[in-house]
Amino acid sequence: MSSTTATSARRTGRSGLGLGLVAWLAGIVFFLPIAWMVLTSFHSEADAATNPPSFAAPLTLDGYREFFGAAGGASPWPALINSTVASLASTLFVLVLALPAAYALSIRPVKKWTDVLFFFLSTKMLPAVAGLLPLYLFAKNAGLLDNIWLLVVLYTSMNLPIAVWMMQSFLAEVPVAVIEAARVDGAPLPVILARVVAPIALPGIAATSLICFIFSWNELLFARVLTGVVAETAPVFLTGFITSQGLFLAKVCAASLVVSLPVLAAGFAAQDKLVQGLSLGAVK
Amino acid sequence: MTATTTAPLAADSAPALRRPPARLRAWATRAPLLPALVFMIVVTQLPFVATLVISFFDWNALYPKARRFTWFDNYQQVLTDADLRHSVWVTVLLTASVVVASLVLGLALALLLDRKFKGRGVVRTLLIAPFLVVPVAAALLWKHVLYNPEYGLLNGLLHYVGGPQPDWVSNTPLLAVEASLVWQWTPFMMLILLAGLQSRDQQQIEAARVDGASDWQIFRHLTLPHLRRYLELGALLGSIYIVQNFDAVFTLTSGGLGTANLPYTVYQSFYQAHENGLASAAGVLVVIGSIVIATFALRVVSSLFREEVSR
């Protein structure tokens, strides 16, 4: 036994260093576009548009000033605020709807609860374009076009299945015996929820919220079709950069970074539970 | 919701005499579920039924009076129209190539990250980052900052080695879209496969090693079979997300140069061409395609799920 451990240790020692270097190299290659985006966002437009690239050009905040409307042009603030409202409000609605549902699918399950769970999952597999046109026509007739609350409702429906799945798996981790014991002791349900269920499920609920926030913040198709001037979200604002407009690389980089910051922050905060959320709770 | 569930909870421990009828208790258990269920049906299922109905009409929004029922004409038109048929093909090609490429890369990265080395956490963070860039921003980054033929980073780096200076998006439009998507989706695959690798039975692997199995034999006969369902899951979830991709196609090529996939075509045919009937028929076709993938996806998820529950 001791000799085999020694051989395997030696083996990892020799090839391990090389493979560690390969891993580092892969990480750097994947991160390079982002690093370059950060660097370019701090360059002047003239330095950003050189070939070969100017790595050591002086740094400036001009790109960010331009993006925030210093040189005229549309301010991104309304779009950023709209995105914040749509993402936060829809995440809140998702929690309000998903928590009770997850409770009825885990702690006190209804009959055929797996069927219900899979119904939620199947709605996630219905592509967004499937209902886009009727939603557009409905919004137009109801006067809801260019209204941020329509997006809030749609984002809620977009994220609800994911949230139900994730929270079901988190609530299922609460041991039934503990709940039973609390109930025998005569604790009322709200107390059980607050004292027994919440402490165990809270990290999971937080991660679920962050993932819902990310998906809402990223969404483009609904926002592009259903909003215009007033309710435009940050991704829609970014589509203004699709066609080239002279020297604007630093501004594009600054814009892309600013809009991505909340997602990067939320993603790294939820890092450990990210897979579980993205795989709809199938992978832990 | 609290009130309705308190009732059955209290009732369970109460003597049988005071129990409310079984049917009432069943409904009280169901009650917390209903708001979410009703909401999902109203917001996702009803619009799809409407799409299905509209798909049988010849309906251009610019000529609302000429709307009429045409049975399967729209479907016939979608399936025989060269552009639309092309977009079906593009959707298949785009989805398949991005999923396969990001799965293979993701597997390689997951295997690299599964072993201990200095700064593993940092490398993991670097690798996840591309997935956490807003999709439109990522597409803009590739289009303007990397692919730009005059001052993009790719040609800038090629310049150093005296390589050619291609116009990436114009020369190889579909490949350009695919590369940007592979960059974003590889981290996703890596995370799923890494979770799979870490759920391996370490004792079994150690035992195989004691019996003299080589690294390759362990990978081939223990790791790969164990990873099979994680690979399937990654492939299917990736397919579901990428079949629906709109952001990258819209941003990088605006559907031009033969890169329009079905979601883009649906968007274009009603948002720009106002062909409601045709758009709906194309939408229904996307759904049929998704259902085919989803059936397999659901099977995989449910087998993993059952294992979790029985554990």
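Here's a quick tour of a predicted model with chains A and B.

Local features need a pLDDT of at least 70, side-chain atom pairs count only at pLDDT 80 or more, and totals for chains, interfaces and linings use all residues. Residues are numbered from 1 along each chain as its sequence is written, while chains are lettered from A and ligands numbered from 1 in the order in which they are written.

**Where the chains touch**
- Chain A brings 88 residues to the contact and chain B brings 87.
- On chain B's side, helix α15 (residues 276-310) gives the largest share, 14 residues; helices are DSSP runs of H or I, at least four residues, numbered from the N terminus.
- That side of chain B splits into 61 nonpolar residues (Ala, Val, Leu, Ile, Met, Phe, Trp, Tyr, Cys and Pro), 6 charged (Asp, Glu, Lys and Arg) and 20 polar (the others, Gly among them).

**Two positive phi angles**
- A:Lys112 isn't a glycine, yet its phi is positive, near 55 degrees.
- You'll find A:Lys112 in the loop between α4 (77-105) and α5 (113-124) of chain A.
- A:Lys112 counts as exposed (12 or fewer other C-beta atoms within 10 Å) because it has 10 C-beta neighbours inside 10 Å.
- B:Leu257, also not a glycine, has a positive phi of about 55 degrees, and it sits in the loop between α13 (247-252) and α14 (262-271) of chain B.
- With 16 C-beta neighbours inside 10 Å, B:Leu257 counts as partly exposed, the class between exposed and buried (20 or more).

Note on methods:
Contact = placed C-beta atoms within 7 Å.
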